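Dear colleague,

Please find below the structure that I am handing over to you. My notes on what was found in it follow directly after.

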Amino acid sequence: MQLVAGIDCGSGFTKAVIVAQNSAPECSVLGKGKAKSGINMEEAAFAALNDALKDAGVARDQVRYVATTGFGRYGVGFRDIQITEITSGARGAHHLFPTSHCVLDIGGQSTRAITMTDTGKVRSFKTNDKCAAGSGMFIARAAKYLEISIEDVGGLSLQATHPQPISSVCAVLAESEIINHVSAGVSVENILRGIHDSLADRAVGMLKRVGMEGEVTFIGGVARQSGIVKALEEKLGTKLNVPPDCEYVCALGAALLGHKRLIAKETAVSQPHAS
Amino acid sequence: MRIAAGVDVGSTQSKAVVMADNGERTILARALVDTGANVRKAAEHAFTQACRNAHIPPSEVGFVVGTGYGRYNISFGHAQMTEISCHARGAHFVCPSTRTVIDMGGQDSKAISVGEDGQVLDFVMNDKCAAGTGRFLANAADVMGIGLEEIGPLSLRATRAIKIATVCTVFVESDILSYLAQGKKAEDILGGVHLAIAKRTVSLARRVPIEPEITMTGGVARNVGMVRALEEVLGTKLQISPDAHFMGAIGAALFALEKMDQSFESSMWRPEHAAGSGH
Amino acid sequence: MTDLERTFDICQELVADLNFNSVQRWKNQHPGGKAIGYFPVYAPVEIIHAAGMLPVGLSGGGDRLDIQHADARFGSFICSIVKTTLEMGLREHLKFLDGVLFSSICDSARNLCFVLKRNFPSLYIDFLHLPHNPSSEASIDFLTSEYRRSMQELQRMGGRQVSESNLRDAILLYNRNRQLIRSLYAFRLQKPHLLRAWESYVLVRAGNFVPVEEHNSILEAALEQLSVRAGKPRDSIRIVIEGAFCEQPPLDLIKLVEDAGCYVVDDDFVIGRSWFVEDVPGNGDPVRALAESYVNRAVYSSVRHDFRAPRWEGLAQKAKQARADAVLFLIAKFCEPAYFDYVLFKKKLEAIGLPHLLVEFEEKQFTFDRMRTEIETFVESLVFD
Amino acid sequence: MGEAKKSEYRGSIHQRQKDLMLKWYERLNEAAETGVPPTASLMISGNCVELLEGFGAVPIYPEVNALQLAIRHQSLEPILAAEELGYAPDNCAYVKADIGCYLKGITPTGGKLPKPNLVLCNFVGCNTYVKWFEHTAELTGSKLYVLDVPFLRENEPSAADIDYVVRQLKEIVGLFESLTGRKFDYDRFQQAVRCSAEVEDLWSQIKHLARRSPSPFDAYFDAITLMGPLYVYRATPEGVEFFRAALEEMQAKAAASHGLFDQEKFRVVIEGPPPYPFFRTFRDMFAKWKACAVASTYSTVGGLWEFGARHDPEHPFESVAMHMLAQNVTNRNYLQRYEQIRRYLEEWNADGLIIHFVKSCRLFSAGQGDMRDHVTKTLGVPTLYIESDLEDPRYFAEAQIRNRIDAFFEALEHSKLTASARS
């Protein structure tokens, strides 16, 4: 049994997934783990991996190959290969929803729209540019300012009666807008839904720019917020695929791609004279 | 004796000052509360707190001037002034030789050229894409997981301040994260952040003539790292009053006292908005 | 260190020198000689040379100059090169220059021309209107008279009388210079593993700061040394870079592109140095020959409009000739001509099925993590199944 | 405050202005349906509408369409449509709104817009124009001609500049003849130039009325209302008639000392285009302080006539060329704009300058910080610098802009009070 680990070194959390190929042609997930990212990327990666090993009930030395992804992917010394989170996100999403050709990934620092081929290979992508108030961090900060916990954001947003849109495309100005809404006495629910609506608008714009078609898979930590899922579904006029473990999708994709590399490598070794 | 108050409702904190005039104008009390999501309440809270600190019932305060972005929410206020006028007036009161005021507020930073009577001669505020504001520092602290009060002192310990090219908060956050990932020291990153903001602020402040004395007002004046960085870029010492944080409220209270002295008539005094009537 | 590496080092130093020591050196050797800077993209350097002056190609402050004054003069949403150029002036980096020429490339640069004029009244500053209507026969007549006007200005501010033979000599020298650059690009296109993009970039850009005769020798020597350079091909995709014609990307960014798995087989860095696709004719009226070459012999560019030969066709052809797998648009932030052209370039590339990626940069950037992710993803999407 | 906040000049000419503009859109609709009259796309700045009159052709001004849309708060949708196509967030939003409208079939009145017989790019300083019309031609498949006007880099255009423009104008005549099959009517062209000269004279007189205190109208906000007829009808008898009526109406106001407010408190000069998506809100921010714009640079993009320049029917081609080269704010250089502002400040007796930076338009905005430096430090005139956009609603930070405007007038009022206390 070939065990491969994928580790996604994100700005907030590091996530690890362990996959194995059993008798089925497809890989299956044995375990997953998580650790807070700190100043030392390698430590966090190690902790997340251990957590995943425990979850899978396997030993470290059974893992044959480690693929890292995410912004800290180069900071992990024990990796075999590094892959960007866009490539891995697309691959992971494709594994979970094979009929989907389009991914929206909203993480702590950035938002990405990706389209891919039938095999899960990236066809085109777009990441949010300089002045997009479209990341999870932005919502977290707004929640802090509004004195509510991040877990409550999704639910509260759903209770909005008159959403107050955030029109600015710059995160700094958008924060000012929120403050001005608060000053003007707008309710927290309406502000939150406004933020979700605006984020959704921007995400839909990005999806259109990459040439979205068919069903959309929504991954990344922000996918947990029911308010934005609803806003997106309304604007797209279709249901979204939201994987239950939405924040593990990149780690999974990395593991799957790592697995592919491992097989390719071993094939090459066993057939040294093949052209 | 005339008693008046100034309330400065900022995006993160609300400040109130009660002043008295019996020939000489003196500060009786101050109060500081977090603004939070309910601006009206915060303003009220700051005001009553200041009255309590001054041992004066609110009913004895003859006139209240509101300032700051939340000024139209002060239900008990009699007039509103922008914080630009108030900071200039406050700084002139505390340090009469002030000719330039630098303030890094939560929503915008400003440089004000002040005349001999404390009047605003010229002022400039941050450009759109250059958030050299207090919020920028708060976000940097946030991203690094360090308390806002700690970043200034920590930045002073920088030995090799890193270079930060952008002052866009969105970009700077990813810059900081990648520097952390590269194993750079927190103090060096913060040293770089403070220097970058100082440079950007001064670069824009040059739109007004920057002449001594330069008084720094606002909450960021309590950040020793920022003060040091600004002094370095300006090449001169800054005046920092212990009341820096209250400067807007002091200025507002001074305007309120002047209003009670009916000799100074101006349309500025017209309470143009009942609270919440929208603009 | 090989001679070639030493040459790259020298060129890199020239490019990084914000004090223009090479210009100072030339002035010491030529007492009374004047140095005339020109803002990108193109200037008729032959005329400056023929007037006995040293043309100096300006290309911003790069990542070596922090802005302390210029932000107050040019606000948000204005590209970096405009600000760093003004900053260089305000911080006395341009004091070795006796004049600066601008041309009709975009609105920001044009306004900078007049802002400089106000702030540096003793500097000779001129604006050349390079025509946007090459379809009209009148454009050659107009540009000829525009060049003559400029020639008179240069003479008035201390240049020598430009004779036909001076100008012909200058044309020959610069024809040679452009031939050498074309050879360099042809070499890299054939053997990209032997000449990295940043190497050819500093080789070419160094010509902005030294006399053309000297640059010609540098290029000749480098080409000779390159012909015997050895190296192993890498597993890289072939890309053409488009969009960095004015503000220049940081050297680290160019290196990053290659490290991410790309061979840069063609680019438009410092495109003004190889502005003509063939030699400027040596016969006839040389002023008219220069004007006529601008109208009929120039490369396609986002700052030159020629509706007889659309720029997107030019890019498609370039990519085809370079056997490119993809096009990378490196666009300076707030560069409106590049932003606009991207739309029509994109349309054309999609029509011919050539993948592309758009990345925005600023000359003063230090960290490239986001870009690295995007460029690596792009390469991964072309390489992996 | 209701009275002071809602001040605006409302005369009978405002209704006439609306009628004229509607009629223009009707003619365009007619052209779309029948192919007659022939049309050409044209840019506002330094336009050569007289040449079209020589063919009985009607201009299409994409900028007018774009700004109409923004005033009605409908610009964001087409802007986003254009961004989906690949336009950058930092591209000129006028262009994006126009391209987006084309893609989505949106027109200002709901009527049809014709496919122009010629996309005629009058390049007068604005490099974005060239890109814009190139894209328009690509989209519509219409013939493109770029009329290249040398920038005014010296005080006066040279003989070579004028010759270059005149030769191109004549090329356009030949081209338009072959595209439409219509013969160019020189007499009609000359007549059009004559009308223009007359309209320019009337318009200039109107602008000079603002030198009085109180000014009978706002030379920024009201002037913009009158700009539509100025560009569409300048070269026609209808235009002459309209501006004659406008002048009479305003002269009557001026004679009765009727200003915009019960008492005009501040006189300002405004530089830069307005934030069309928040036109009303922006105007109210000045009205609150009883501040009247007595002059503006934006109202001279189409032509700068208050200092004496006019079209000349005796030399129609040359005078059209001169107009394009030297008599509109966009083709004049930045220092000439400083000088224009200085004259406004002095001769129109203004208290201060308002600079409105718009991110879309680098022609206007690149370098306005230097302009501010010049006006405050060299001329010693109070100046306010604010930023937003002329078409894109996403860049208008209302609370911030209001705060700055309030602070500016607070300071101005204070200095006026102390000045009067001292005297």
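Of the 279 residues of chain B, 65% count as buried, where buried means under 20% relative accessible area, exposed over 50% and partly exposed in between (1.4 Å probe, protein chains only). Chain B has eight helices and 10 strands; helices (H or I, at least four residues) and strands (E, at least two) are DSSP runs, numbered from the N terminus. Among the contacts in chain B between residues at least 6 apart in sequence, 66% join residues at least 24 apart, a contact being heavy atoms within 4.5 Å.

Please note that this is a predicted model, in which local features need pLDDT of at least 70 and side-chain atom pairs count only at pLDDT 80 or more, while totals for chains, interfaces and linings use all residues. Residues are numbered from 1 along each chain as its sequence is written, chains are lettered from A and ligands numbered from 1 in the order in which they are written, and side-chain values use heavy atoms, with hydrogens and water left out.

Chain A and chain B

In this interface, 22 residues of chain A are in contact with 25 residues of chain B. The area buried between the two chains is about 2200 Å², and carbon and sulfur atoms give 59% of it; buried area is the accessible area (1.4 Å probe) that two parts lose on being put together, summed over both. Two salt bridges are found across the interface of chain A and chain B, a salt bridge being a side-chain nitrogen of Lys or Arg within 4 Å of a carboxyl oxygen of Asp or Glu. K144(A) forms a salt bridge with D142(B), with the closest N and O atoms 3.3 Å apart. On the side of chain A that touches chain B, the elements that give two or more residues are α3 (136–145) and α5 (171–183) of chain A. The largest share, nine residues, comes from α5(A).

A sheet in chain A

Five strands of chain A form an open sheet with mixed pairing, in the order β8-β7-β6-β9-β10; two strands pair if DSSP finds at least two bridges between them. β8 (122–127) and β10 (240–241) of chain A stand at the edges with a single partner strand each, so one side of each is left without a neighbour in the sheet. Strands β6 (residues 102–106) and β9 (residues 216–219) of chain A pair in the parallel sense over four bridges. The bridge partner of V103(A) in β9(A) is T217(A).

Chain C and chain D

Here the contact takes 50 residues from chain C and 54 residues from chain D. These chains bury about 4600 Å² between them, 56% of it on carbon and sulfur atoms. F77(C), R118(C) and F340(C) supply 16% of the area that chain C buries against chain D, more than any other three residues. The count between chain C and chain D is 11 salt bridges. D341(C) forms a salt bridge with K131(D), the closest N and O atoms being 2.9 Å apart.

A helix in chain D

Which residues of α13(D) are buried? Nine of the 11 residues of helix α13 (residues 316–326) of chain D are buried, among them P316(D), F317(D) and H323(D). The buried residues of α13(D) pack against α3 (49–53), β3 (118–123), β4 (143–148), α8 (159–180) and α9 (186–209) of chain D.

Yours sincerely
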